[in-house]
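Here's a quick briefing to go with the protein you're about to see. Take a look at it before you read on.

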Amino acid sequence: MARGRWGKKSSRKGVFDPNDADRIKHTRIGVWDVYEEKNPETQHIPIGARNWERYLEMRRDLPYVWTMLRDIGSIRDCWALLAVYTLLELIGSLIPAASLWFKGQLVHIVQAAVETRSVDKVLLTQVTAGAILAKMVALIVSTSRTRISESLGNRIRQYYSVHLFKANARLDVPTFEDEAIQRQLEDVSNINGQSVAWSTLQSMYALASILIQVVSQASVLLRVLKGQPDGVLLATISAAHSLSEFLHYQRTSPWNGVWAATTRNSDYIKLQGLKRVIVDVSHRKEFVSDNMLSYTLRLFRELTDRLGEDARDFKEVFSHRAFKQRLTLLSLMKLPFGDLPQVVFALRAVQHPASIPVSLASLNLITSTTASFSAKLYKIFRETSAIADAVSSVRKLYEIIEVPNKVPDGTIPFPEDEQKIKHGVSIEFRNVSFKYPGTDEYALRDVSFKLEAGQLCVIVGVNGSGKSTILKLIVRLYDPEEGQILLHGKDIRTLKLTDLREAISVLFQDYTHFPLSIRDNIALGDPTHANDDARVALAAKLGGSDEFIGRLPDGMDTYLDRPVRDHYSQLPEGTKTVFGRAVDYSFVRNAGGISSVSATGLSGGQMQRLAVSRTFMRSVVSEDSKVGLLLFDEPSASLDPAAEHDLFARLRELRGSKTMLFSSHRFGNLTRHADLILYMDRSKIVESGTHEGLLKHQGEYARIWMLQAQAFL
Ligand SMILES: Nc1ncnc2c1ncn2[C@@H]1O[C@H](COP(=O)(O)OP(=O)(O)OP(=O)(O)O)[C@@H](O)[C@H]1O
């Protein structure tokens, strides 16, 4: 069920199809097309069938709650804190009933005063003191509860942050890319900085507390009113009022059911695009150099004029709709209920003038108590829904850590002989075909080739022909659908994954830099030696990054993309730097929902040198490296010719006799030295052989080679 507000997800199964006219109602509001499920009445009724289903489903999730409680109990001091918290919640929940009881005693005092014409002063003092004491206790309880809640919340968040880190980190590429998994991860991530576990516990406490409040207050009220003239009648009318208010809440929650909205208005879409163009810093270069100002301004004016009042964003449409929904038949019908107690009181006063003070006191008591009942009833319903959601999040929190990876682990250790790996690894593709998850096109089709240990292979060919995919399959980022990949004659699916990946070093074309320091970025190439600064420095040198790192003010400690933002406000205009860093105003733009581009201040070539350094850290820096196979996907794409030449020369020199596989668009520097060249087109190997052999063959490789060579003639 949807959680009510927009943007919230639902744990309901099935598919929402806006084109299903039988089930979906279409409304046009401004430029927005809104599609709502028809007859979502069951959503409005708290005891609707679907809600019951959800509560029944909760039974499946409860064992996980028990596990969660045990885990929370294992956190230092948490049991003791929870015990105190529970006690405080209990006292806090009973205080409203205690206050009500004292107020009820006042009614009795008034009644006695009317009947006997005298006031019991001692009783009056006791009741007043009791009422004040109840208020003081309420204040102490709520302050202490907030403190303990903070402490508990922090401990629980800390405990589950490790759980969440592991849950995220252990997933392989296809599993992590799976949308269902992403959704599950999102469901279990912290909500407003609070752990799912603690919010679930809080929801449970909240529900228990409201139930205790409603039951205790209702029973005190009935006791107090027993014997009062018209007491029960007044209470019944007020209860009816509460119930109608509650149903009204339900109905007026804007778009409580299942809905989706989109706009197909090309003017509106273009208008939003233009807004983005002018606020996003990444577009400013082209915006200025292409003289776009006058054209875009004219276009913006035209679009704004054409759209007129329809140019409203969805937020406005949403709140407008909520406002409109407030006026319903039920909302009109419920109004008299609110005034009925006063009518009863007036009639009673006319019939029995002597009872006016007592009735007045009863009326005051009833209206002040029941005024909050409708909100409480609504809260009970809301909290019960929240608990169903929370409990299912707890189940997901524990299930996600067990989700099987789509690339299953093998069992055979690799390599059998550690010494042998220094002389490279033989590799063979046997009729390998592969499609990326969720696509219908083959990225590789019936690919076969063999590379002996220590050989150099270069894969060349057309864009999108499958070169990078070959490298990704070797490290088992994905598994092929058909065929086999063998290392040292063994199917890689049978090998232990950590061993396999330890034996391979890979530099991807779309390499990434982590939002960590430059030192960490290089060091993570070889996590087992990450703390060895000498190795890191050598890797930087071999990768050609040491020079520019040395010129950076913070050197190796420079963060390419600082993951933590500084916070400031209203800095004077002249402030260009603060805390030694350039003042970043991009968060002002971010407030509009547009992410800024991180300014690393490094060129593409420098970034690539860093990536190469990380690879060197892993593979060639030391004698004890366990790597036997080096994979490079376009490692020189952003390098200048001299740097490219140096890189390849260094690689040939440093690799010793390790096997090496390159994907490249550049012919010459590498292909001339290759033992095997694979030329790919449309997911297939169309030519293979050595440089000389392929030139003789006069095929596509020879044609491209000539094209590139002619450029230098
Ligand atoms: N993650 C992915 N999901 C879906 N399809 C993908 C993915 N990565 C690549 N592809 C598709 O697989 C095919 C092969 O891609 P691949 O990256 O192996 O080509 P390539 O030969 O390395 O290209 P380039 O020369 O441009 O680097 C292409 O059609 C590409 O669009």
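Predicted model: local features only at pLDDT ≥ 70, side-chain atom pairs only at ≥ 80, totals over all residues.

Residues are numbered from 1 along each chain as its sequence is written.

- Where domains 1 and 2 touch, domain 1 gives 5 residues and domain 2 gives 8 residues (contact: C-beta atoms, placed from the backbone, within 7 Å).

**Ligand**
- Around the ligand you'll find, among others, Tyr436, Asn463, Lys467, Gln509 and Ser663 (near: C-beta atom, placed from the backbone, within 6 Å).
- Helix α17 (residues 467-474) supplies the largest share of that shell, 3 residues (helices are DSSP runs of H or I, at least four residues, and strands are runs of E, at least two, numbered from the N terminus).

**Nonpolar cores**
- The largest nonpolar core has 67 residues, and Ile474, Ile504 and Leu631 have the most contacts inside it (a core joins buried Ala, Val, Leu, Ile, Met, Phe, Trp, Tyr and Cys residues through C-beta atoms within 7 Å; buried means 20 or more other C-beta atoms within 10 Å of a residue's own, all placed from the backbone).
- Leaving out residues up to four places away in sequence, Ile474 touches Ile427, Ile485, Ile504 and Leu631.
- A second, separate core of 23 residues includes Leu88 and Val394.

**Residues 78-102**
- An unreviewed UniProt entry annotates residues 78-102 as "transmembrane region", though such annotations may be inferred rather than shown by experiment.
- That stretch is 100% helix and 0% strand, with its end C-alpha atoms 36 Å apart.

How values were computed
Buried ≥ 20, exposed ≤ 12 C-beta atoms within 10 Å, placed from the backbone. Contact = placed C-beta atoms within 7 Å.
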